[in-house]
Amino acid sequence: MAAIISDELAEEAAPPRPRRRRPVPVWRWVILVLTGVYFLIPLYAALRFAGIASFGQVVHQTGFSDALILSLKLAVMTTVLTLVLMVPTTIYVHLRLPRLRRLLESITILPIVIPPVVLIVGVLDVSPGFLKSTPYLLGLVYVILAMPFAYRALDAGLRALELRTLVDAASSLGARWPATLWRVILPNLRTALLSATVLTVALVLGEFTMASLDLYQTFPVWIVAFDQTSGPVSTAASLLALFVTWFFLMLIVTLASRRSRRGGGGQVELFSVRRTVR
Amino acid sequence: MTAKAAPAAAPGSTSDPGASPRRGLPSVLHRAWTLAGVVPFFVYVLLGLGLPAIAIAVGAFQNPDTGKFTLSNISIATHGIYLHGFIITAELSLITSIVPGILGLLIGYAIFTARRGALLRRVTITASGTFANFGGVPLAFLFIATLGTTGIATRWLTDIGFNPYTDGGFNLYDLGGVALVYLYFQIPLMVLIILPAFEGLRPAWREAAQNMGASTWHYWRYIGGPVLMPSFLGCLLLLFGSAFSAYATAEALTSGTIPLTAIQIGSFLNGNVLAGQQNVGKALGLGMVLIIAVLMVFYALLQRRAARWLQ
Amino acid sequence: MPTRKLFIAVAAVSGMVLAAGCSSSSSNGSSGSTASTAKAATATSVAAFGGMNGLVAACKKEGTLNVITLPANWANYGNIMKDFTAKYGIKINDANPDGSSQDEINAMQQLKGQSRAPDVLDMGTAFAIKADQLGLLAPYKVTTWSAIPANSKASDASWYDDYGGYVAIGYDSSKVKVPPTSFKDLLKPIYKNQVAINGNPTQASAAFSAVYASALANGGSLSNIEPGILYFKKLHQVGNFVPVTAGPTTVQSGQTPIVVWWDYLLASEIQSVVPSFKIVIPTDGHYAAYYSQAISKTAPDPACARLWEEYLYSTTGQNLWLQGKARPIELQTLISNGTVDKTANAALPAAPAGGLNFPTQAQESAAEAKVAQQWSSVIG
């Protein structure tokens, strides 16, 4: 494996010759600036059309807070369910059943290919009555929608780890399985977990088709459906939905980083180039 | 939680740390017990995805009025404008998975390696999550207001002497324009799902490579590339699926003037014109799943080739 | 251990949230006693309730009405719902306002037995016929049944037309200096990049009707919609057609100053926010269509469903539609009885002379199939 060979060579190398600091790569800034332009100009165009006053009109409509709270509840439910389902499964497959990885990949790609409008028809066809009468059916279905993204993030994160080494090291130090999971694997999956969480929450806060066909007023459904009197107001509503989603994601990410700092862990920041293994 | 408990109690295989040794269990039982760890996942998928999928597949073969078996839905779905729709959708999805795939990779790497970019990273991951799920009518309007015939960017460009429509042959409402708009949610999706993979690139390797005189190109060709390739391909697959089933944005931009399968499904399952032909929509949905299944085969072959590259 | 604490905290919070949510989720039981509900569910006229008072009393016992796919600014439904609630004290739940007729059929089938299933439906006639074939509708004759023309209702009273309008050309007079008056006009070069319709003709009936109208204007007929498709192809070739789904937003932002849509929607959705917007029925292609009302056989609030229909077909209801610039089905009767709202009637765009011709089911299905096959050739 390339990784092992390189590591060995790195160890063999004599004390490194002092090297000149490489010039700051220009390409990084070019890419970031171009990206910024592409994403921000359309937002600016919409903002200009909507006007600041329209935002007030959106927030004061009846149903705004009810819809937002329903969506937040669904987001919590879906995220917890998705993580509880996917994290142990993915770790388990990586460790014990690596041949099932391909199968898992194939299964988790399916929900993203079936258009939501088709899926909800199928779901409502087979769901029992007691589930159909509650909006939490949506929470259960959203787990399926979030599966492709959560799996991909977790898979990428697990591939980046030397999982077997970590697990063997932990067990040789006497750790039993729960401890290994809690204290060794999960902290090293922080990025992947965060990525998966962010994707899932954003998905729930933005999912429109299935909720509207299930006739429930989640936040995205409300944004489209509230008594819109004019173009600027409906544009303001969509922009507001964007900002609200982004706000809650920032909240999650900030809390997660702060918690790790307070816990005294070596890892303070997301995607830090250096990593300390516990 | 069953899955977590299962590894701890799994019978003795020597590669299973922390397990209590249990000897003499027949290998079939052993294998079954090992599989128990993934049972919750498969049960959930069976109930939440399998049952609805079966309902859809059954519907695809049913006559909507009589409920009897028929192949007419499938026949409609695989000919004429619907076949054309599959082809165009595949084209669009290919473009809007490869291009954002590469761009997303570059952007992700730029973010990942920024030295003092703590806030930048936080903003990027949250913005990516937000934009990855942004679409439909609002997104279409964003671009109409920017690059439509009277859009703000169109006007700026015309002022400096270059009208994208008349001079550049650009049209927001054709396939190229739609692809440009798709990038708005495909790039953030790519960034978000490729980011965890970068942690697999140990900085020690880069330093070692430099010390041995390897150029940047060599580093990527022999170390970085092979390490990232499996995850990269997986992300491309996801992007393809996402573009394939995207519907509301293209619908708002083109009003069906470009045949896209997801839009056609919408006309059957969710429309005001074609009454009683829902099952053709389900047949089209089935077609989408089959196309992805075919793609998965190519994907598996690609992964195998990439793994060989790793050696 | 911070990670463990975080997980416990998250689990506790979600547990509380879910518990609170589950306990407050809507109940599934149907309101009202089963005996009276059963009687109301099979009532075919107001006589079964012993008159209007009996009907009102039965509805008040039920307390709610579930409607579906009724946007507030569509044919004045916002005011209609408000007035109904004010008059009878019944709460109206308006689900999926932007939904389609197919959504209504799906909702009836999939939410059967739930308290949030739709009670009454307002959908395209083709869908009403389909729903009737699927056995989803309950027959009911409103008090003013005889005022509805014979060709605008089902013989078994399972559906009945309610309101409609003409395909019209709307334009923002502040941006469009030369008013267009016909489909032929729209091909002129001064209207470059300005003309749009409201959606995809294989999906949106307003867009489909626009194609039908343009067919009539270009030598086609109710059984030949192809000239309409060719017309839009030409419109695109000369650079006038913008494929975007037009609406108030695209008009206000100046992207689609000219929109071909139902006259009443041009009025209620666009003219209400763009004062300089004008509406004219094209001189060369007249096409009108009416939507249809129906009551769900498995309506959770059957008495209120029937009261709603009585209300809509009363003078008040019909005039409210008229005020929404739509043409109520009983308009002729209202005019001859003198009960019509004269100001609202005068505000309608002048109806073209000559009677209205509607396509038959067969003609419409053939036209739909043709559009489905050929619409994407308009651009490509």
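Predicted model: local features only at pLDDT ≥ 70, side-chain atom pairs only at ≥ 80, totals over all residues.
**Entry 1: chain A by itself**

I looked up the secondary structure of chain A and found 14 helices and zero strands. Reading from the N terminus, I wrote the order down as α-α-α-α-α-α-α-α-α-α-α-α-α-α. I then checked burial: chain A has 278 residues, and 52% of them count as buried. For contacts in chain A I took pairs at least 6 apart in sequence, and 80% of these join residues at least 24 apart.

**Entry 2: chain A against chain B**

How many residues does each chain bring to the contact? I noted 92 residues from chain A and 94 residues from chain B. On the side of chain A that touches chain B, helix α8 gives the most. This helix spans residues 136-159 of chain A and supplies twelve residues to that side. I sorted the chain A side by class and got 63 nonpolar, 14 polar and 15 charged residues.

**Entry 3: domains of chain C**

I turned to the domain assignment of chain C, which gives domain 1 and domain 2. Domain 1 of chain C is written as 34-163 + 289-347, and domain 2 of chain C as 166-287 + 354-377. Between the C-alpha centres of these two domains I have a distance of 29 Å. Their contact draws eleven residues from domain 1 of chain C and twelve residues from domain 2 of chain C. I also sorted the domain 1 side of this contact by class: six residues are nonpolar, four are polar and one is charged.

Technical notes:
Residues numbered from 1 in each chain as written. Chains lettered and ligands numbered in written order. Domains from an automatic or database assignment. Contact = placed C-beta atoms within 7 Å. Nonpolar A, V, L, I, M, F, W, Y, C, P; charged D, E, K, R; others polar. Helix = DSSP H or I, 4+ residues; strand = E, 2+ residues; numbered from the N terminus. Buried ≥ 20, exposed ≤ 12 C-beta atoms within 10 Å, placed from the backbone.
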